[in-house]
There are 6 protein chains.
Amino acid sequence: MSYTHFNLTTPTEWVAHVEINRAGKLNSFHEEMWHELGEIFTKLSHDPNVRCVIFSGAGDRGFTSGLDVQAASKGPLMSSEGSDTDPARRATFLRRHISDFQACINTLETCEKPVICVLHGIAFGLALDLASACDIRICTKNVRCAVREVDIGLAADIGSLTRLPKANLPFSWIKDVCLTAREFGADEALRVGFVSEVAEDKNKAMQRAVELAGTIAGKSPVAVQATKEVLNWSRDHSVQDGLRYVQVWNSAMLQAGDVKSALMGGIQKKKPRFEKL
Amino acid sequence: MSYTHFNLTTPTEWVAHVEINRAGKLNSFHEEMWHELGEIFTKLSHDPNVRCVIFSGAGDRGFTSGLDVQAASKGPLMSSEGSDTDPARRATFLRRHISDFQACINTLETCEKPVICVLHGIAFGLALDLASACDIRICTKNVRCAVREVDIGLAADIGSLTRLPKANLPFSWIKDVCLTAREFGADEALRVGFVSEVAEDKNKAMQRAVELAGTIAGKSPVAVQATKEVLNWSRDHSVQDGLRYVQVWNSAMLQAGDVKSALMGGIQKKKPRFEKL
Amino acid sequence: MSYTHFNLTTPTEWVAHVEINRAGKLNSFHEEMWHELGEIFTKLSHDPNVRCVIFSGAGDRGFTSGLDVQAASKGPLMSSEGSDTDPARRATFLRRHISDFQACINTLETCEKPVICVLHGIAFGLALDLASACDIRICTKNVRCAVREVDIGLAADIGSLTRLPKANLPFSWIKDVCLTAREFGADEALRVGFVSEVAEDKNKAMQRAVELAGTIAGKSPVAVQATKEVLNWSRDHSVQDGLRYVQVWNSAMLQAGDVKSALMGGIQKKKPRFEKL
Amino acid sequence: MSYTHFNLTTPTEWVAHVEINRAGKLNSFHEEMWHELGEIFTKLSHDPNVRCVIFSGAGDRGFTSGLDVQAASKGPLMSSEGSDTDPARRATFLRRHISDFQACINTLETCEKPVICVLHGIAFGLALDLASACDIRICTKNVRCAVREVDIGLAADIGSLTRLPKANLPFSWIKDVCLTAREFGADEALRVGFVSEVAEDKNKAMQRAVELAGTIAGKSPVAVQATKEVLNWSRDHSVQDGLRYVQVWNSAMLQAGDVKSALMGGIQKKKPRFEKL
Amino acid sequence: MSYTHFNLTTPTEWVAHVEINRAGKLNSFHEEMWHELGEIFTKLSHDPNVRCVIFSGAGDRGFTSGLDVQAASKGPLMSSEGSDTDPARRATFLRRHISDFQACINTLETCEKPVICVLHGIAFGLALDLASACDIRICTKNVRCAVREVDIGLAADIGSLTRLPKANLPFSWIKDVCLTAREFGADEALRVGFVSEVAEDKNKAMQRAVELAGTIAGKSPVAVQATKEVLNWSRDHSVQDGLRYVQVWNSAMLQAGDVKSALMGGIQKKKPRFEKL
Amino acid sequence: MSYTHFNLTTPTEWVAHVEINRAGKLNSFHEEMWHELGEIFTKLSHDPNVRCVIFSGAGDRGFTSGLDVQAASKGPLMSSEGSDTDPARRATFLRRHISDFQACINTLETCEKPVICVLHGIAFGLALDLASACDIRICTKNVRCAVREVDIGLAADIGSLTRLPKANLPFSWIKDVCLTAREFGADEALRVGFVSEVAEDKNKAMQRAVELAGTIAGKSPVAVQATKEVLNWSRDHSVQDGLRYVQVWNSAMLQAGDVKSALMGGIQKKKPRFEKL
């Protein structure tokens, strides 16, 4: 598979690496890109050769500067399309557009395999929508994050405002960064828990991501996918609903051959091999 | 507008400052006060001249020591009113009273504009109910916070027990401070995320609050209010419900002139001016 | 009351201490044990002589190493029982088994009295399910925690995956430790908020737990139980539902004699005594 | 208490009758009216002399023809107020207006005492918003109901679209009448369950309402209010949440002297008298 | 298995019949009885020889007259136990008691096998709590139903007020019968949907129940249990959550041998036999 | 647009008619068909020339007999694909398959325009999943409906079990027809509310559907789409959440030119024309 705006590689067995490939424009996004992103993650979700995904941006300058403002200013949000109609029809047009945009980004969260996001350098606006939809976030020391929507007069949210409160970051801090659009760096990101790890530079961060992804890919894919699924379900439901869901999910999953393989591996002190999923 | 128990000032353009004005009694609250507080924030919520609110307590000694115990002991909770009736009628009387009390405090959260709470010195009991209902919390180094309900034999909750778990503070810590009623200071408040910033003293904290409020007030009020609204909605709903709500909210809000103003401001490198809201 | 697999003692007035008593096997659990645990906490929940509970593991080596793998390999999850039937019937068998297991662990959460968990040394797998169901977690410096399910090919969750996201720990961190099964120690546990306190060693941790439990036990049991109840309810409901629940709960609870006792105690500067509950 | 747009009478002990008093204009509503309505029901909710409320329209022609279109066309929805601003600001203006309107109608539902709605003749548009917020609906044979919003190009909903699906009426029927704006009469209203009773004419309907209200007012007000509260809560929550709420609510309410009075009344075969609430 | 207060028989293969056996007292319930009921249904839930359950009352006079008032007047609700303590402690005592009572009745709903309730003659108070917790309700022509709580000054709800709104009966009708405590008969019960069938007399009703139970018991138990489970889950969740739950539940259940058996049975035109569950 | 398995016509202005075109096989479905169905409704949802959709089956014999059993027996559910793997992997395969199937049927519900389902003759199994996902259901006198899953040993649910309880049909009746798989006809369907209208025969039913669709298509499309959206949202949320959603939705929609057109139309007594949406 080869894509126009993203590089797709396999840094290590069972691991896919999706790299935003538009370094010249600081990996900023236009509409065609988020549609392609949605396509990629929809495929990876069911690809039996993939057990963990790394998501990062090409080049030294940053993960992504967010929306490509020039493209956006010609795109549907700013374009005059539908502007001759009344505000209700324009609203319908915009709602459909946001819905479609959200659906593309949402594939990062609904991807059955864990997604590790590597944030380096500039990570503005859409960068946080993307990162929030991933499972694990690590960053470099030089990262510069910002929720930019209030700064460009836009309350448009493709997931940051919805997912940050669910990422269990202190609510006072979330409101501070979302209402001021101020930047925050690696130390702060780690302290509040937005990222779970900070690496010296991009190389180190990528090494670490590959290592982490390799570890996860070495586990039973049945167990790994169940873990992602149950954690996400639990985030959005009561504990009682969570416990019930786990019962039902695992009533099938505990029948996996992986359980025996893992136990045997443990006893025989050698790394178990698990069937594809 | 002038009030009996609160000072209402305008420290900088678009910013309102509500100060509890009962320093002689450590800004402790009696019933008349929370009704006036409710009135104030209900008005500020729709006041087009206000884009951000600061909430603090007068004097050096503290934000507020909570309920005025002397007044409370004569008030409805302790008074003999309704006590000659049976426990069911007394319960109805108390439920209505708590409901009414909560409704007043709730205006801090439902105020459409962000509310920044400045905590200094003593901040006991009701102090935390109030602070939890605000959007951003900053404190001074000398702050002394305590959830006091268990200490006065009261499980009465005007919002702390309900909002602290939703403020994304570690649950083990929440239970520790709520079950022991022990004090905690600025360092601990910052570490767990109850506040997002600590200032050297009250002056510095107020300066910082005004600066922060000024920053927020300088942004598009359409974007700022949407941000507060969507963050609060997302806290209480699933991610899917959050994303849908954002679509609908923004289908109208993206039609604001602010988007163009902000973009132009960005290109022309000058601060945009936004219409009232 | 005397139990086979647990020691039940009273380290200080109103405080019960439940100790896993299988140090020879690193306090690992077999089925009989979680049933007995469920029985114990069901009784403590309504025991008027108990106002706070401490939960810990016997011996120096650790809190618990989790499931007794040898016992488990002969138990229902691994046994051939039901394996001659089709996967649907096997699934039903497993679902019932997980449901029953969860119900036992759930008694820690539904126990009306606060439960303080002391984690020392090894705390693997089931250790985290147990600890997550407790109210307050403290640990020793030498603690070694790990969510082990992905490592034994099992996605079986008896509560960790459901409760960790609700314990308000950073979601990126939760996914990191749950997907990699890596160990984490005391510093990390404190930093992310999994524990609210770290003690030098097991003795110090137990002393601290008894002190904490004693403090809580000294408060009005009406207020303490209401606090646990309302915090847990709020975790799983919207703020509006939480505020309503508090109104109703406290309409009865504010009629407790404890309120007067506590107020008098405060005025007369002596420790109030509260009636049993 | 005397009101401008409504007659407030006491047809029988403990029963209040609120009558829309604008027969000349077919009881159609303008803004001042719904504010007064909100005031009335807020007062009745806590009035210890009222145990049940009847709500109806004056005159022969009908309950209400809904919004006073002439007034509305000069009112905020149609007025040019805010129309010089951009669509986002106009949307904010409209949202606040709808919110305020809904809050007034909502007092019918939040009134602690049951509200019986009598529908006769014309009952269009707002009539259904009002009726849906009441507890019991009875109508006359000549009633002509219609959900009119789609007919006047308005999707404005003050509660019909939200409450009809929760009134347990067949969803296919709800969509039929809401999407076509067609009229439906007494037989259909009874068949689908929108009303629970049909009377020959307005006199009979009023007699029946007074009889029904008298019956309810003769019961323990503690039990009656609990019944309304728990039914409404259960409508919006899961069965488990409903059962828990009942436990807590009744832990206070079962302590009412009413229980003894009712039991004694039953044994002594005479109507018990209950204390005010 | 033999029980004190209930007859347990097997009217046809795979069908259990639980009969309230206290005809002399109109099958009225005292505390020991609901505990035994809970025990019975907990066992039936997992009994592989049972695929459908019928629940009815012995004798000609009625299903059950509800609580045994004489017993109740000596029981915990009315007894002086706990009455020397303050209202808060009494409330705790009552809450625990209601919770325990609800848990027993709840076993009818959580029983994995469908429960058919046959209502005849007197069916007052607790009768409706019991019937509401069953899956299918049929009644005789002479049935006399009443929600009696408001008549005995009690708002105590063991499930009627919580489950009737979820049984999709018209809300106006529910409030009518719950607020007036009036009786309703077979025709009304069928018209509003409380029962799905009316039989001429008790004999016919029992015959019909056995026939119905036999039909259900002849289907794949995997499919039958899934159907009950998914319908109950869907009642309490959104459609999206329902669809997801179905996916997960059936991912295991579709692997049943029953699918092949049923298909073969269909092709070969003979009744398939299904393995126990 | 032309399709393989469906006829797409325009019986009257603004109305699309989707007809299942496989009368030879009683309109039974194989996998290719539900994918095409999903495609069609996804397109219609945003097609500005369509304001209402009719959905029916070709031929005299029936709407659809459900799954094409022969095709299904070769399809993924029955095929040996994945059967050589363990039950956990097979479960994953099945879950993805059900999810995909549900997503296709779901397009009927998420289609922004109302969908009227015409049921005639045979309407078994999948027929009810399809019909439940539509907005308005009408049927012919000779309709024969059945929820067939339990009869073919399948608990597979593509939406019936999830949506019937939300269609506000009596729960006892739902469980009766879902657990017995028995047929029910037009009278019963109307009595319980599954359909809102019965027509003499298929011709009459189609005429009626076109009439109904024409009526709806003549209304403001802004109002019609809002009505469908808000009713569906309200079904799945609390009344408070419903009211809030309406406020936000209508803050944009009330700005439609349709409001003025409709008002003018009313005054000038001529049918208003509304802009496309």
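Q: Let me start with a definition: two strands pair if DSSP finds at least two bridges between them. With that in mind, which residue in S2(E) is the bridge partner of Phe6(E)?
A: The partner is Ile20(E) in S2(E). Keep in mind that you are looking at a predicted model.

Q: Thanks! In what sense do S1(E) and S2(E) pair, and over how many bridges?
A: Strand S1 (residues 6–12) and strand S2 (residues 15–20) of chain E run antiparallel, with 5 bridges between them.

Q: What do S1(E) and S2(E) form, and how many residues sit between them?
A: They form a hairpin, with 2 residues between the strands. Trp14(E) lies in the turn and has a positive phi of about 70 degrees.

Q: Let's switch to chain A. What is the order of the strands in its open sheet?
A: The order is S4-S6-S8, so to speak from one side to the other, with 3 strands and parallel pairing.

Q: Which strands of chain A stand at the edges?
A: Those are strand S4 (62–64) and strand S8 (144–146) of chain A. Each has a single partner strand, so one side of each has no neighbour in the sheet. From one strand to the next, the twist averages 15 degrees.

Q: Over how many bridges do S4(A) and S6(A) pair?
A: S4(A) and strand S6 (residues 122–124) of chain A pair over 2 bridges, in the parallel sense. For one residue you can look up, Gly62(A) has Ile122(A) in S6(A) as its bridge partner.

Q: And chain D, what is the strand order in its open sheet?
A: In chain D the 3 strands come in the order S4-S6-S8, and the pairing is parallel. Strand S4 (62–64) and strand S8 (144–146) of chain D are the edge strands; each has a single partner strand, so one side of each is left without a neighbour in the sheet. The twist there averages 15 degrees between one strand and the next.

Q: What is the bridge partner of Phe124(D) in S8(D)?
A: Phe124(D) has Ala146(D) as its bridge partner. Strand S6 (residues 122–124) of chain D and S8(D) pair over 3 bridges, in the parallel sense.

Q: How many residues are in contact between chain B and chain C?
A: 40 residues of chain B are in contact with 44 residues of chain C. Helix H3 (87–110), helix H5 (160–163) and helix H6 (171–180) of chain B each give at least two residues to the side that touches chain C. By class, that side of chain B has 20 nonpolar, 10 polar and 10 charged residues.

Q: What about chain F and chain A, what turn relates them?
A: Chain F can be laid on chain A by a turn of 180 degrees and a shift of 0.0 Å along the axis, with an RMSD of 0.0 Å. That is the relation of a two-fold axis. The same surface serves both copies, since 100% of the contact residues of chain F recur in chain A.

Q: How many residues does each chain give to that contact?
A: Chain F gives 17 residues and chain A gives 17 residues. H3(F) gives the most, with 6 residues. That side of chain F has 8 nonpolar, 5 polar and 4 charged residues.

Q: One last thing: at what angle do the axes of H10(B) and H10(F) cross?
A: They cross at roughly 30 degrees and come within 8 Å. That makes H10(B) roughly parallel to H10(F), and the crossing is left-handed.

Q: Which residues make the contact there?
A: H10(B) uses Val248(B), Trp249(B), Ser251(B) and Ala252(B), and H10(F) uses Val248(F), Trp249(F), Ser251(F) and Ala252(F). They divide into 6 nonpolar, 2 polar and no charged residues.

Note on methods
Residues are numbered from 1 along each chain as its sequence is written. Chains are lettered from A and ligands numbered from 1 in the order in which they are written. This is a predicted model: local features need pLDDT of at least 70, side-chain atom pairs count only at pLDDT 80 or more; totals for chains, interfaces and linings use all residues. Two residues are in contact if their C-beta atoms, placed from the backbone, lie within 7 Å. Helices (H or I, at least four residues) and strands (E, at least two) are DSSP runs, numbered from the N terminus. Ala, Val, Leu, Ile, Met, Phe, Trp, Tyr, Cys and Pro count as nonpolar, Asp, Glu, Lys and Arg as charged, and the others, Gly among them, as polar. Axes are lines fitted to C-alpha atoms, for helices over the stretch in contact, and angles run from 0 to 180 degrees between N-to-C directions. Angles under 35 degrees count as roughly parallel, over 145 as roughly antiparallel, 65 to 115 as roughly perpendicular and the rest as oblique. A crossing is left-handed if the near helix is turned anticlockwise from the far one by less than a right angle, and right-handed if clockwise. Copies are superposed by least squares on the C-alpha atoms of residues with pLDDT of at least 70 in both.
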